Every structure is written in C-alpha cells, then in structure tokens.
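Hi there,

Here is the structure I promised to pass along. Have a look at it first, and then read on for what turned up.

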Amino acid sequence: MLFEVRHVTKYSYEAPVRESVMEVWMQPQRSHSQRLVNFDLELDPPAKLFSYADAFGNAVYHFDVPQPHDRLTITARSAVETEPPAPLPDHLELGEWDRLRSDPVRRDNFEFLQPHGFAQQTALLDAFVQEHALDRLRSACPLTAARELSRAVYEAFGYEAGVTRADSPIDDVLEAGRGVCQDFVHVMIAICRSWGIPARYVSGYLFTDRKHGDRSDPDATHAWVEVFLPSTGWIGFDPTNNIEAGERHIACAVGRDYSDVPPTRGVFKGQTQSELTVGVTVRRARAAPPEPEFLRGSQPSSGRSGARPTGASAWVKEQQRQQQQQQQQQ
C-alpha cells in the first residue's frame with residue numbers, strides 16, 4: 001500500500017517567547033516491509049534543521065528558533081509504501097522459551113528486557129496479571145503467549161481519550177480500566193518483559209479502518225508493541241485494535257517506552273503559557289510522487305554528527321512535561 005501522511009503540530013504562545021528548541025521523531029523508517037518514498041519537514045518560523053541517529057537508530061531532527069515568536073508550526077509530510085509482513089506460523093516450539101533465556105538473546109536485547117519509564121512492573125500490574133490469569137499463557141509457546149496477551153489487553157481495557165495523559169504512570173490505566181494506545185502498549189510491554197520476552201515501543205501512524213473494527217483515533221499518532229523471538233525476529237502486535245501489525249501500520253521510531261520517542265520534545269524561553277494542537281492525516285495514495293527518494297534524516301548531518309541543540313541550560317523540565325503530555329499517542 002502507498003500512503004501519504006501529513007502531521008501538523010502547532011504551538012501557540014500567549015506572549016512571544018524568546019527562543020524555542022525542539023527535537024522531532026516523525027520520519028518513517030525504512031525496513032524490509034516499509035519503503036520511505038519521500039519525507040519533508042517544514043518549519044514556521046523557518047529554522048535550520050540538523051539531524052542525527054539516536055541510540056536506537058531512529059532519525060531525529062533538531063532545530064533552534066533563536067528569535068522572538070508567538071507561534072511555532074511543524075509540518076511533516078511523508079510518502080510511504082508498505083508491504084504485508086511475512087506470515088507468521090500458528091505456533092512455535094516450546095523450546096523457544098529456552099532460546100529466549102540464552103545469553104546472546106538476553107545480551108543483544110538487554111534494554112528491551114528491563115523495566116523503564118512508563119513500562120514498570122507495579123503491584124497493580126501484578127494484580128491485573130493475577131486477576132486475568134495471564135501467567136497461564138506461558139504454558140504455550142512465546143508466539144501464542146504474545147498473541148493472547150495482546151487480545152487480553154484489548155478486552156480488558158476500554159478505549160477512551162482524555163482519561164490518561166502522556167505522562168501518566170502505568171497504574172493510571174490499570175485503575176481506570178480505560179485509556180489509549182500508549183497506555184495499552186506500556187501494559188503489554190511490562191508483562192512481556194516480566195516473562196523474559198524482549199519488547200519495545202513503536203511510534204508511528206495507522207491507516208484506520210472502521211470496517212475492520214479499529215477503535216484508535218484516525219486523526220492522531222499511534223503506537224504498538226514489537227516483541228523479539230529468536231525464530232521470527234521482531235514482530236508487531238497492536239493491543240489497541242486486537243490485530244497484528246501489518247501494512248496499515250507505518251513505523252517512525254522504536255524505543256523502550258513513549259519517553260524515548262515522542263513525536264516532538266522541546267522547550268522555550270519565556271514566562272508564558274503555551275497551547276498545542278496536533279492534526280494527523282493518513283490516506284491512501286494513488287501513485288508515488290514524482291520526486292526522487294529523499295531521506296534527509298537517515299544519516300547525521302555533516303559537521304554536526306550526533307550534535308544536540310545548544311542552550312540546554314535553559315531547558316525547563318516543567319515545560320517539557322506540559323508539552324509532552326499533549327502529545328499522547330492514541
């Protein structure tokens with residue numbers, strides 16, 4: 001399938017701010033099942049873009065708007081061609097659990113086996129696992145266990161935006177029994193890791209299809225889970241919609257949890273309030289655009305390899321929290 005994605009982020013300030021510094025995780029990935037045809041990032045006010053590859057191989061853009069401004073608009077446009085992933089077997093041998101416990105697998109996936117950030121094993125999560133008898137799934141192979149866990153998370157939680165925030169701990173969705181994709185992903189990741197299955201957070205977009213029962217918001221970014229099995233490699237599960245990740249999923253970045261890969265993260269200098277609005281459109285494209293493939297962010301910028309924005313001393317944690325919580329993935 002060929003998709004066109006338009007992702008607009010608008011910051012409005014009650015009074016002009018002196019400077020804004022931003023990082024952006026919006027460029028779709030390239031993989032065996034996903035081809036990035038075109039990507040463009042437009043800034044208003046204009047600013048010089050730099051890029052680097054983060055620790056997980058994601059393309060990250062960063063920029064600084066050093067002059068006073070009362071608004072900031074980031075518009076990302078992508079053209080992406082996806083293919084169905086290779087079909088998965090119905091099940092694997094039970095010996096897959098032993099392979100997961102092997103030293104090479106645990107060493108290579110160490111970061112995706114540890115609790116981190118929002119994906120924490122808490123007393124409420126332990127109670128959730130016990131209440132739904134989820135540990136019984138470990139009597140099957142890891143592939144079957146992951147499939148059934150995704151289904152169980154889907155059935156256990158109602159989908160409702162506004163109940164949780166982007167900075168909500170995992171206990172918030174467990175107490176409310178409702179949330180959005182970001183919450184469901186953190187629950188599933190934490191349980192998989194407790195079972196010894198490497199699991200990572202995937203940030204991106206979904207071409208929503210109500211006919212297939214999708215319940216996620218079509219006008220927002222999306223998130224799902226990838227688990228690593230030695231016999232299959234990384235495979236995706238979408239517990240929000242009770243489906244396996246397929247050609248309607250467009251991956252932008254992977255990390256340990258949401259905090260590693262928010263769509264945008266940044267701060268401004270100034271004593272004022274900010275308002276953030278986000279609009280996402282994912283639509284089928286009839287034909288590939290005429291421009292050649294343009295992967296501006298696939299390699300770090302020359303002369304600034306790995307460089308991050310200057311002025312870090314001016315970054316205020318409270319502004320980071322306020323801006324991040326409005327970027328909740330649904």
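**A buried aspartate**

Asp183 is buried yet takes part in no salt bridge: the nearest side chain of opposite charge belongs to Arg165, 9.5 Å away. Please keep in mind that this is a predicted model. Asp183 sits in helix α6. What does its side chain reach? The side chain of Asp183 comes to 2.9 Å from the backbone nitrogen of Val180. Leaving aside residues up to four places away in sequence, Asp183 touches Thr164, Val173 and Gln328.

**The nonpolar cores**

Helix α6 also matters for the next topic. The largest nonpolar core has 49 residues, and those with the most contacts inside it are Leu134, Leu149, Val187, Ile191, Trp195 and Val227. Two or more residues each come from α1 (96-100), α3, α4, α5, α6, β9 (199-206), β10 (222-229) and β11 (233-238). Of these, α6 gives the most to this core, with 9 residues. Leu134 touches Phe128, Val129, Leu149, Ala152, Ile191 and Trp195, again not counting residues up to four places away in sequence. There is also a second, separate core of 28 residues, which includes Phe63, Ala76, Phe268 and Leu276.

**Backbone details to check**

After α3 comes Ala133, in the loop between α3 and α4. Ala133 is not a glycine, yet its phi is positive, about 50°; this residue is partly exposed, with a relative accessible area of 35%. Asn242 is another non-glycine residue with a positive phi, near 55°. Asn242 lies in the loop between β11 and β12 (243-244) and is partly exposed, with a relative accessible area of 26%.

Where is the cis peptide bond? It joins Asp44 and Pro45, with omega about 5°. Pro45 is in the loop between β3 (34-44) and β4 (50-53).

Best wishes, and happy viewing!

Note on methods. Residues numbered from 1 in each chain as written. Predicted model: local features only at pLDDT ≥ 70, side-chain atom pairs only at ≥ 80, totals over all residues. Heavy atoms only, no water. Helix = DSSP H or I, 4+ residues; strand = E, 2+ residues; numbered from the N terminus. Buried < 20%, exposed > 50% of the residue type's maximum accessible area, 1.4 Å probe, protein only. Lys, Arg positive; Asp, Glu negative; His and termini not counted. Salt bridge = Lys/Arg side-chain N within 4 Å of Asp/Glu carboxyl O. Polar contact = N/O pair within 3.5 Å; in protein donor to acceptor, adjacent residues only side chain to side chain. Contact = heavy atoms within 4.5 Å. Core = buried A, V, L, I, M, F, W, Y, C linked by side-chain atoms within 4.5 Å.
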